[in-house]
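Me: I'm new to this one and would like a close look at a single part. Could you walk me through it, then link it to another stretch of the chain?
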Amino acid sequence: MLQSKNILLGVSGGIAVYKAAALTSKLVQAGANVRVIMTESAREFVSPLTFQALSRHEVYVDTFKENNPKVIAHIDVADWADLILVAPATAHTIGKMAAGLADDMLTTTLLASTAPVWIAPAMNVHMYDHPAVKRNIRTLYEDGYRFIEPSEGYLACGYIGKGRLEEPEKIVEHIRAFFEEPKSLPLSGKKVVVTAGPTREVIDPVRFFTNRSSGKMGYAIAEAAQQMGADVTLISGPVSLTEPNHVHVVHVESAEDMYQAALAEYEEADLFIKSAAVADYTPVTSYPHKMKKQDGALEIEFTRTKDILKELGKRKEHQVLVGFAAETQDVEYYAKKKIESKHLDMIVANNVTKEGAGFATDTNVAAIIKADGTTKELPMMSKKDLAFEILKEAKQLLPKERDRA
Ligand code: CTP
């Protein structure tokens, strides 16, 4: 069932190393070609010879032990693997992976490989529950790694709880199912357009009106959508953030620029998320030269910009349209009014006066309200986590998902 699949098994140092020996044997029996990398601490538990005998291949431990001068071992084995399985994965190895470190053969190979990676953690119940370990697991999960959760039961340290390496038979079952499942991510084949950041309304060559939006929320959504397999275009106002990888970025400045860019992308979009903070007004006159100061007060006349979201709502065909509502009072009331007036499918509403919510922060406190009136209040969370929540909810509104429901 795993006939001729190349599986690279990474073994890090915990008592469950003995189970990794059984796992090697089960993978070989299932038809896989298995190669093993051990960390130095894994060797303290079981000798590499055991894994060599079971896999019928030399075991890698030292990054600098290059037995074949024709290749570089960690690159060669990284390219060879159809799948990498880290079992057992200790808290330390998980931490190093989450931080992108490469200080031994296993972590170096992991960074060099483009193969899917499965991680089977094993550790003491309190370690598994530790916020740092949870954070690292969440990071790896968001980076696209897959996990085989530890099972509950008697742990070698004497505790009873969650932390036991999953049984080798079950791990093999997960891997087999993975090779059989169709290779698609939740938003594969979908085009997602996200707008982010503020706009700038120019009054003369050196001055403009803008707002406090940092763009962090929109950038987090674009990045998350890309990780979920979507083809992503990010229409960005002026911000000082790094462009997310593999996302097409269209830079705009004014509300009018953003309107034009949004219209150009709209037809192709399956999901359009309007997280930008668009100026509602723009100066009537934009002077070609710097305005000189005069005696007395200055009056500037403003005119309304286009409500981009409302215009998109009017033109809606197949698109799922998601807006944001930044409010300072009666959040749900105003948010629901915006769903109606702008023909939205969903709105992400937040009270920007709440602690942990709002513009320049890395966190947000929001409620997701759908056109059918269902509301999901979310606790304070990172903008990254909120991005995944928003996409998870919006995905359910995509036509195919609706048909299936
Ligand atoms: N929006 C837009 N074009 C504008 C103004 C807002 O597309 N000219 C979008 C925003 O991107 C956001 C949503 O409309 O997704 C709501 O923005 P918000 O500033 O909360 O509300 P407004 O529509 O400006 O309404 P109000 O001023 O009454 O709060």
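Where does Thr39 lie, and between which two elements?

Reply: Happy to. This is a predicted model, where local features need pLDDT of at least 70, side-chain atom pairs count only at pLDDT 80 or more, and totals for chains, interfaces and linings use all residues. Residues are numbered from 1 along each chain as its sequence is written, and side-chain values use heavy atoms, leaving out hydrogens and water.

Thr39 sits in the loop that links β2 (33-38) to α2 (40-43); these are DSSP runs numbered from the N terminus, helices being H or I of at least four residues and strands E of at least two. Thr39 counts as buried because its relative accessibility is 6%, buried being under 20%, exposed over 50% and partly exposed in between (1.4 Å probe, protein chains only). Leaving aside residues up to four places away in sequence, Thr39 touches Val11, Ser12, Gly13, Asp104 and Leu106 (contact: heavy atoms within 4.5 Å).

Now for another stretch with buried residues. In strand β19 (residues 367-370), Ala367 and Ile369 are buried on one side, and Ile368 and Lys370 are buried on the other. β19 pairs antiparallel with β17 (residues 346-351) over four bridges (pairing takes at least two DSSP bridges). Three bridges also join β19 to β20 (residues 375-377), again antiparallel. Ile368 takes part in both pairings: its partner is Val348 in one and Lys376 of β20 in the other. β19 and β20 make a hairpin with four residues between them, and Gly373 in that turn has a positive phi of about 95°.
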